[in-house]
Structure formats: structure tokens, C-alpha cells
2 protein chains.
Amino acid sequence: MTDAVVARRPGILTNDETAPGSKSERAYTAIKAQIIRGTYTPGYRLVLAKIAGELGFSVVPVREAIRRLEAEGLVSFERNVGATVAGIDPTEYLYTMQTLSIIEGAATALSAPLIDAVEIARARAVNEEMRQCLENFDPVRFTALNQEFHGILFEHCPNPHILDLVRRGWIRLATLRSSTFRFVPERAQESVQEHSALLQLIESSADADTIERFARRHRSTTLDAYLAQATHPATEQQSGKP
Amino acid sequence: MTDAVVARRPGILTNDETAPGSKSERAYTAIKAQIIRGTYTPGYRLVLAKIAGELGFSVVPVREAIRRLEAEGLVSFERNVGATVAGIDPTEYLYTMQTLSIIEGAATALSAPLIDAVEIARARAVNEEMRQCLENFDPVRFTALNQEFHGILFEHCPNPHILDLVRRGWIRLATLRSSTFRFVPERAQESVQEHSALLQLIESSADADTIERFARRHRSTTLDAYLAQATHPATEQQSGKP
DNA sequence: CGCTAGGATATCGTATACGATTTCGAACAA
DNA sequence: TTGTTCGAAATCGTATACGATATCCTAGCG
């Protein structure tokens, strides 16, 4: 296979973290980053004064940032009580996954005609590396590569709204990396194979419907695997007071 | 047909407007309502002090509300310059419609198994009334009923995220009621017929895929009709200074 | 021992004030 | 006329202050 020469880019799903804007803006990206990184785990209480102190800002921009994150679904907020990092119980997880499978399926189908041979090659390289991760049992890298792989597939989606929804879905799922996520080797194996098949479909210009169906199914199957594995995916919220 | 006895409810797409919360909350719903009503048309400049004055609040909650609306895509915002009601150029419109067709199709398919005979009857009644609106040429009522009809179809969608996305899509489209929207009688005629067919599919428990496909197509066909009709859907933003 | 009342504490919600930035227009030079 | 500079006005961005509300703890009562 043609490997090596294939260029690698950061990938559409990676966060900027560059935040040279207003304090409100920086608070927004800072908090968001913490949530994604997992420093603020689901259920963590976001106390205005505390965060403001940590960032060296006053409460006003922090508050604004939090309400924006609430609108994005990353934070849940209660009047006169405060905000917490949005928790994800099993039901929530299922909903999120289902939504993502629908959106991402569509995004992939819409991107497909715009993916050229070079991109296909890139995706193949990534998928190959994923296979190697399986042999070396490196779930962390596997997950990262999986993200990159799918990123390649839908980053050409011409509809920015859909792209945005996909990104949000991935971010939402990223917040439970540590809690619900379990690595399922058998499923991962299948996953790599399905990726190959999907690339085949795209390469051979299969019709949009087929691609969409396949991509969607790929997602929801992964979901089933994870759900089956997770014995009792923590219902309770953890208190955020360290 | 069994009419009359069928109960009528406000419908899932109608706005609450009840806002007994904090000022930040009330500012949020107030501004949102104005945007949906069309009082604040796309391009309208949302000046903090002015809106604060109108509502009798200070600027802080207003600003917060605006940033939340930005996160929802109803308002576009530029640092140190201000916020305007999000405009929708033809491209944007197309993107929004495409996204909505995908989401709404899925929502309808997911709802279908949960819709009972009573609801079907309700939907039939609404559709019948739509047909009458065509005869009397009442586009306004027709549009309202169309909203109610689709509301019945997907309001049972068990996935709240999807439901939420559908709602947002409708709201986004509502903001251009006055600008891009043109009523296309021929298409409206077809629309009513497709509604009947869709109800048939649901009633006969057609498989999810068929329903989804049909619902999606129904949407995107409407889109095509509107786009074909709109001669030159205003590219320019109107200045907000009255 | 369990429950309720009441106050202390933590935290939120928003008004006000003021510095920072952009925008707009007028005066002036080419 | 056209372009440029400079200053005033408009508007945004955020710190601070303080009232409002919820939560927690303690003491007292049954």
C-alpha cells in the first residue's frame, strides 16, 4: 500500500484553544477546554467566583461564558443555584449517540462525492494505523485515530450547519471519555473492517443513500457494543467539590 | 370523515413567551420572541443600551441573552461592534433547509410508531383544513396549519435532542417568513397530498426507512419550490436604524 | 432520636461606572 | 474631487458593589 507519503493534518475535530479574544471569549474557550479535557468532569460545580479567580477575570464574563456553554448543552444551569458540567446518564448517552449517528451519516454521505483520492489514501493510512493499535493494544491512540478517520470523511461536508452538529456531537461524547467509555476489542476489530468497506463505497462513488445508511449503521453498532459492555454506566453524579 | 370531535392543542412548535424567570431569562425570551415575530428583522442591530432601555433592564442581562441567542444561531455577533439578527442569504437558507429535512425526516420516522389513531385523526383534520385554506387562498393560516401538522408528526419523537434540533430549525426558518418566503400554490397543493400519503404510511406501520425517506423528500421538495419561486431572495442586509 | 425553625454562609443576579474600541464625520491637504 | 487625519460620539467590555436567593448548619422542641 502507498503509505508514508500521505500528508497528515491536525484534523477537523481538534480544538483550537487559541483564544486571543475578549475575556468573555477566553473564559468560554477555557472552560470548554477543561470540560473536554476532563479536568471538569460531569457534575462538577462551576462556581462563578471560583472560576473567575482561577482565570483572573471578574465574574461577568465567566457567567456569560457559562450561559453560552449551557446553550450548547455542555453545561446545565439552574437559576439561583449555579451551573454544573452537564452529566450524561445512560439515556442521555443513547440519545446523543443516536443523534450523532443520524447527523454523521448524512454528513458523510454529503462529503463523499467531494473526497478525492488523496484523502482516501490518508484515511486508509489512518485506518491501517488503527489496525496496528489493536495489535499493540493502544486504546487511547486508537480512539484518537478513529476521530481523525471520521474527521477526514465528513470534513468536506458542504453544509456548515451539519458539520457543526457533528462537531458538537463528538464534543459531547468526549466529555464522557473517562466515565462511560469502555474499549471493546472485538468491536474495534469490526470497526476497522467497516472503515475499509466505507472507503470502498466512497471510492466507487456508491449512491448517497447507501453511504449514509452504512455510515449511520457503523455508528449505532458501535453504540450497541459500548452499551452492552458498560455494566452499570454510572447513574449518579459525582460531587464537584475536590 | 370524522371531524369536529378531534381535540386541538397548541402544538409543540408554538412559543411559550411565559417568562417569569430572571431578567436575563426574560431578556432572552423577549428578544427571541421579537426575532420570531419579525419585529426584529434579519440585519437589525441589537444595541445593548437600547434594548436594555426598552425592557427596563440594565445591559448585563441583555448582553447575556444576546450571547445565548448567538450560540443558538439566531443572532450574529462581532466583537466590539455589536450584534445583529442573523441574516439568511439564499445559501444559508439552503443549508438550513437541508439540515432540517434530514433531522425532521429522522424525527418523523422515530415518532411514527408512537403515533396513535387519535393523533392521526388530528393530523388528518389539520390537513383537511389546509386544503380548505388553499381554496380560500389563506396562505398565513396555511403556514400555521402546516406547522401544526408537522408538529403532530414529530412531537412524539422519543429523542429530545433530535426534537430540539427540529424546533431550532423551524425557528430559524421562521425568522425569514417575511423576507424569502413566497407562497407557491401549486406546491402547496402537492404538499397537502403528500401529507395524506405520509399519514397513510404511518398508519400502515411502514418501515422506518421508508417513512424517513418520504418525510425528508417532502421537505426538500418544498425547498426547491420556494427557491425556484423566489426571484432574487434579498442578498443585502437592511440597516437596523429606524 | 427525629424534626422544624431560624440564622449564617455561600452563591447567584444585576445595576452602575468607567475604560477600551470602533465608527462616523468634519476639516484639511493633494 | 478625492483621500487622509484627527477628534467626537456611540457602543462595547468588564470590574465592582450590593441586594436577592438558596443552602447548610445549629439549636430547640416534640
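How far does a backbone N or O atom of A:Ser24 lie from a phosphate oxygen of DNA strand D? In this predicted model, the distance from that backbone atom of A:Ser24 to the phosphate oxygen is 3.4 Å. Two or more residues of the surface near DNA strand D are contributed by each of α1 (23-37) and α3 (59-72) of chain A and by β1 (45-46) of chain B.

In total, DNA strand D is surrounded by 19 residues, of which A:Lys23, A:Ser58, A:Asn80, B:Arg63 and B:Asn80 are the closest. Classified by residue type, the surface near DNA strand D comprises 9 nonpolar, 6 polar and 4 charged residues.

The largest nonpolar core contains 31 residues, and the most contacts inside it are made by A:Ile162, A:Val166, B:Ile162 and B:Val166. Helices α4 (90-111) and α7 (160-174) of chain A, together with α4 (90-111) and α7 (160-174) of chain B, are the elements that each supply two or more residues to this core. In soluble globular proteins, nonpolar side chains tend to be buried together. Beyond residues up to four places away in sequence, B:Ile162 touches A:Gln98, A:Thr99 and A:Ile102 of chain A, as well as B:Ile103, B:Ala107, B:Leu110 and B:Cys157 of chain B.

Note on methods: Residues numbered from 1 in each chain as written. Chains lettered and ligands numbered in written order. Predicted model: local features only at pLDDT ≥ 70, side-chain atom pairs only at ≥ 80, totals over all residues. Heavy atoms only, no water. Core = buried A, V, L, I, M, F, W, Y, C linked by side-chain atoms within 4.5 Å. Buried < 20%, exposed > 50% of the residue type's maximum accessible area, 1.4 Å probe, protein only. Helix = DSSP H or I, 4+ residues; strand = E, 2+ residues; numbered from the N terminus. Contact = heavy atoms within 4.5 Å. Near = heavy atom within 4 Å. Polar contact = N/O pair within 3.5 Å; in protein donor to acceptor, adjacent residues only side chain to side chain. Nonpolar A, V, L, I, M, F, W, Y, C, P; charged D, E, K, R; others polar.
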